[in-house]
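Please keep the sequence and the model at hand while reading.

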Amino acid sequence: MPFRKRDDAAEKLIDTLVEQGISDSRVLNAIRIVPRHEFVREAELADAWINHALPIGFGQTISQPYVVAIMTEALALEADERVLEIGTGSGYQTAILAALAEEVISVERVPQLAERARSILSRLGISNVEVIVGDGSLGWPDSAPYDAIIVTAGAPQIPAELISQLDRDHGRLVLPVGPIGSQELLLVERHGERIEQSSLGAVAFVPLIGEQGWNSG
């Protein structure tokens, strides 16, 4: 994929992520080469490589690079795996996943954001991604099972539909769960009928709107 060359801003961000405990070299390299500045609005270009979340319109944000890194690292992706992303947003996290997995299916509820993300991803030559408009809280059963699922919005509880769409042998789900404004980032792993979960720390995401999320009304 024709990503950007290294520069000082990218390397400074990588140094910050390493200091914060990110150690997966594949994840760090994906963050290094995916051009984050392509996914932010013109008004935020000066801050594109700063370790902060930024607004992208429609009440949504492009996640803080550290949060992108810790969620992606927890998925422990292999190059031949299929990933489901809930909440395409800017498409930045989508591009990171596309650099690490064979196929990414991303579901976005806001049509304008989905179209913008498709345009950016296409312009960057990222072809192993499909962006779908729909209710992400229900996942995307048409292409299940998934080796990994990532949710970039806060859910009131772990959606049962997402568990059912995980690969039975070792499917992994990373998502924030908790009240609006403050959640716990969870890693959920499926081993047959056995479900294990562990905490990755406190986070604050926009709410997951949908049938198995928060009511849009």
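Seven strands make up an open sheet of mixed pairing, in the order E5-E4-E3-E6-E7-E8-E9; two strands pair if DSSP finds at least two bridges between them. Helices (H or I, at least four residues) and strands (E, at least two) are DSSP runs, numbered from the N terminus. The model is predicted: local features need pLDDT of at least 70 and side-chain atom pairs count only at pLDDT 80 or more, while totals for chains, interfaces and linings use all residues. Residues are numbered from 1 along each chain as its sequence is written, and side-chain values use heavy atoms, with hydrogens and water left out.

**The sheet and its helices**

- E5 and strand E9 (194-203) each have a single partner strand and stand at the edges, so one side of each is left without a neighbour in the sheet.
- From one strand to the next, the twist averages 15°; axes are lines fitted to C-alpha atoms, for helices over the stretch in contact, and angles run from 0 to 180 degrees between N-to-C directions.
- Strand E4 (residues 103-108) and E5 run parallel and are joined by five bridges, and Val-107 stands opposite Ile-132 in E5.
- Helix H3 packs on the sheet, where H3 touches E6, strand E7 (171-177), strand E8 (183-191) and E9, and the direction of H3 makes about 160° with that of E6. Contact means heavy atoms within 4.5 Å.
- Helix H5 (residues 111-123) also packs on the sheet, touching E4 and E5, with its direction at about 165° to that of E5.

**Nonpolar cores**

- The largest nonpolar core has 50 residues, and Ile-31, Phe-39, Met-71, Leu-77, Tyr-92 and Ile-96 have the most contacts inside it. Such a core is a set of buried Ala, Val, Leu, Ile, Met, Phe, Trp, Tyr and Cys residues joined through side-chain atoms within 4.5 Å.
- Helix H3 (residues 65-75) gives the most to this core, with seven residues.
- Another core, of 20 residues, lies apart from it; Ile-149, Ala-153, Leu-173 and Val-188 are among them.
- Not counting residues up to four places away in sequence, Ile-31 touches Leu-13, Ile-14, Leu-17, Trp-49, Pro-65, Ala-69, Tyr-92 and Ile-96.

**The aromatic pair**

- One aromatic pair is found in a search of the whole structure. Rings of Phe, Tyr and Trp (its six-membered ring) pair if their centres lie within 6.5 Å; planes under 30 degrees apart count as stacked, over 60 as edge-to-face and the rest as tilted.
- Phe-39 and Tyr-92 form an edge-to-face pair, 5.8 Å centre to centre with 65° between the planes.
- Phe-39 lies in the loop between helix H2 (25-33) and strand E1 (54-57) and Tyr-92 in helix H4 (residues 92-98), so the pair ties together parts that are 53 residues apart in sequence.
- Phe-39 is buried at 3% relative accessible area, and Tyr-92 is buried at 1%. Buried means under 20% relative accessible area, exposed over 50%, partly exposed in between (1.4 Å probe, protein chains only).
- The charged end of Arg-36 sits over the ring of Tyr-92, 5.6 Å from its centre (NZ of Lys or CZ of Arg within 6 Å of the ring centre and within 35 degrees of the ring normal).

**Backbone features in loops**

- The peptide bond from Ala-144 to Pro-145 is cis, with omega near 5°; Pro-145 is in the loop between strand E5 (129-133) and strand E6 (148-151).
- Phe-58 is not a glycine, yet has a positive phi of about 60°. Phe-58 is in the loop between E1 and strand E2 (60-62) and is partly exposed, at 43% relative accessibility.
- Ala-76 has a positive phi near 50°. Its place is in the loop between H3 and strand E3 (82-86), and Ala-76 is partly exposed, with a relative accessible area of 45%.
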